[in-house]
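User: I am new to this protein model. Please walk me through how its parts are arranged.

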Amino acid sequence: MLIKLLSWKKEIWFSRVRMSSFWWKMDYTESTFTIRCQRRGNCMLSSLRDSFRHIHQLLQFLASVRKTYFVGLILFCASESALPIVAAFVYIDIFNAAATSDMSLFWRGTISFLVALVSVMVISTICKYIYIMCVKKTMASIRRVVTDKVSVLPCSYYDRTHSGDILSRMTNDLNNIEAVYSWHFRSIIQTLLYSLASISIMLFLHWQFALFLLGMCLFSTFIIMRFSQPIQAIASAIQTQLGQITERAVDMLAGVKVIKMFQLEEKVKKVSEEQNSNLSKEGIRFGVKNGQLESWSYFLNFMNYSGVIAVGVFLVLNGQLGLGILIAFAQLQWNMSQSILQLGNTVVNMMSSLVSVHRVKELLDEPAEPKQILPREAIMYPNVGVIHDHAASAAICFSDVSFSYTSKATALHRLNFSISKGQKAVLVGPSGSGKSTLFKLLQGFYAPNEGHIYMDGKSIYETPLEQWRQSISYLSQEPWLFSGTVYENIACGKRDATEDEVIQAAKLANIHDFIMTLQDGYQSQVGEKGRLLSGGQRQRIAISRAFLKDAPVLLLDEATSALDAESEIQVRQSLELLMKDRATILITHRLSVLSEKDIIMVLRNGRISEIGTHQELMNGENFYKELIASSRAAV
Ligand SMILES: Nc1ncnc2c1ncn2[C@@H]1O[C@H](COP(=O)(O)OP(=O)(O)OP(=O)(O)O)[C@@H](O)[C@H]1O
């Protein structure tokens, strides 16, 4: 019965431990001792070994400034720790001077303290400058590496990752990493240095009394560490929620017009209130736990201090300890227990910041887009270098190209077509039939699962992506303009473009006259995403860019469909000029605008179901006729 009762109690204890956000598990398998901490939600360091790995990562980030950083930091901490220790010795002198009326002791103490104070001020200022400079340099280099990485990630990464999450890694997480370098390492090193020095001095002055104090400090540390554990879990949850709030904010800013048009303000408000309330709940939980931690810290600090005074006075009364030494002990103990208690907090915060190291490292470890598209399975392409006759003569050629985003559904099935220089192919088909996917493959954003793509006789598998993309200009329905000037937005079409070339491109795109009416001409700001310009003006700036790029292949994705009739006519004229002597593929849902000469490719469920001119296709019974009929009905 008793055994049953004990095992029942034990089970209750274990289940309570498991119910907490964290549960620390001792694992002795294969003679290794690992402490695992598990957490609800994602992105949590799974073991102490991981934490060390991430600290190692932080040290690697420091790279060439590592030695300078640690020299600066350790000297800074040593100088800051030295002051209270000197003060303790000064107390011995001053109290002994008071007890023996010895003025020379008093002056020795006072002067040594003043010298120490000035020295610490000078040394700590210089050392702080050195180590903070290293931190700033390191952070600048991490930011550069992260930005570089983000710019070379493949499209598939952006498909599966929310931009808010990426943004959060580039901002919140990097700030947390900076906090580790600037504060957490400092606090840990300072506490260790101060504690080691204090313990050595106390052991030297009175080893029995020192051991008693040490025991009390260790006991306090143990209690504080227990209270610190839940705080770490809450801090991590807060960080995850902050990431989610950033994601929502990015969505909200990008979709502000949709929100207005669909009167989604209330819904957005509700979601944001929910997130805020969750965040504030976690914040309150954090505050409560932190409050408990602080109360315990004060209580233990006070108890320790009282213990020192009580035992010290007892020893003084028994003649085993001088009054000066007791005051020195009290001073050293007070500072030591303060910093040890503080250390608990620092370790907790640092563990939570290591989550950020993990998140940034995760981003950096993402494979970059390859410099060249490789065949998915080399075995299926024994003759990659062999060029078929039709591919060699065509500007664009798809040969048996298939592609799927996921293993479940195939987006494109065995596409075969070729387009010559000066020819215009129009891609039509219902929504979801694979038109944009075809463009993505042609631009090298994804590798085909099977088949070959050729441009001007060169296989995509044998041409570096940079060179491949250099041969393509892409214009979409919503042209992307960067914040900056009109000039910068056109000039980015060609590396080292001259002013004359930029102006010539703008003239060809029929936008030069308009630019000259702007207050600052080519130096006028376009605003975020070109908001200071109209849709047609934005599109013509994008066309200028394409003129400047002068690529032989042109991809137009509904480039005129967002424009009003007048803008459309102007843009169309510019486009006609741009298409001249280039191979063009145009995606459109507006079948009324097709010309007699265009080659029409009908995509249906990822397959080319028909190909030919409008007249040829209208002669037979086919899906194209159905599309024409439904588009006329829609008009
Ligand atoms: N990033 C992606 N990941 C997974 N599936 C995708 C992705 N992008 C598109 N798809 C799927 O691939 C298929 C083809 O999509 P695609 O965007 O190429 O169609 P579309 O013909 O351009 O459509 P629309 O005319 O509506 O723009 C669709 O079933 C779509 O759901």
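Predicted model: local features only at pLDDT ≥ 70, side-chain atom pairs only at ≥ 80, totals over all residues.

User: How many Å apart are the C-alpha centres of domain 1 and domain 2?
Analyst: The domain assignment (bounds from an automatic or database assignment) gives domain 1 as 39-365. Domain 2 has two pieces, 421-448 and 463-634. The separation between their C-alpha centres is 55 Å.

User: Which helix gives the largest share of the shell around the ligand?
Analyst: The residues around the ligand (C-beta atom, placed from the backbone, within 6 Å) include Asp159, Tyr405, Gly434, Lys435, Ser436 and Thr437. Helices are DSSP runs of H or I, at least four residues, numbered from the N terminus. Three shell residues come from the helix spanning residues 435-442, namely H13.

User: How many residues of the shell around the ligand are polar?
Analyst: Ala, Val, Leu, Ile, Met, Phe, Trp, Tyr, Cys and Pro count as nonpolar, Asp, Glu, Lys and Arg as charged, and the others, Gly among them, as polar. The shell has two nonpolar and two charged residues. Its polar residues number eight.

User: Are H3 and H4 roughly parallel or roughly antiparallel to each other?
Analyst: Axes are lines fitted to C-alpha atoms over the stretch in contact, with angles from 0 to 180 degrees between N-to-C directions. H3 and H4 (residues 103-152) have axes 8 Å apart, at an angle of about 165°. Angles under 35 degrees count as roughly parallel, over 145 as roughly antiparallel, 65 to 115 as roughly perpendicular and the rest as oblique. H3 and H4 are therefore roughly antiparallel.

User: How are H3 and H7 oriented to each other?
Analyst: The axes of H3 (residues 66-100) and H7 (residues 172-205) come within 9 Å. They cross at roughly 45°. The pair is therefore oblique.

User: How many nonpolar residues are in the contact of H3 with H7?
Analyst: Contact means C-beta atoms, placed from the backbone, within 7 Å. Among the residues that meet are Leu73 and Ile74 in H3, and Phe185 and Arg186 in H7. By class, three are polar, two are charged, and the nonpolar ones number 11.

User: How do H16 and H18 lie to each other?
Analyst: The axes of H16 (residues 499-508) and H18 (residues 535-549) come within 8 Å. Their crossing angle is roughly 125°. That makes H16 and H18 oblique.

Definitions and conventions:
Residues numbered from 1 in each chain as written. Helix = DSSP H or I, 4+ residues; strand = E, 2+ residues; numbered from the N terminus. Contact = placed C-beta atoms within 7 Å.
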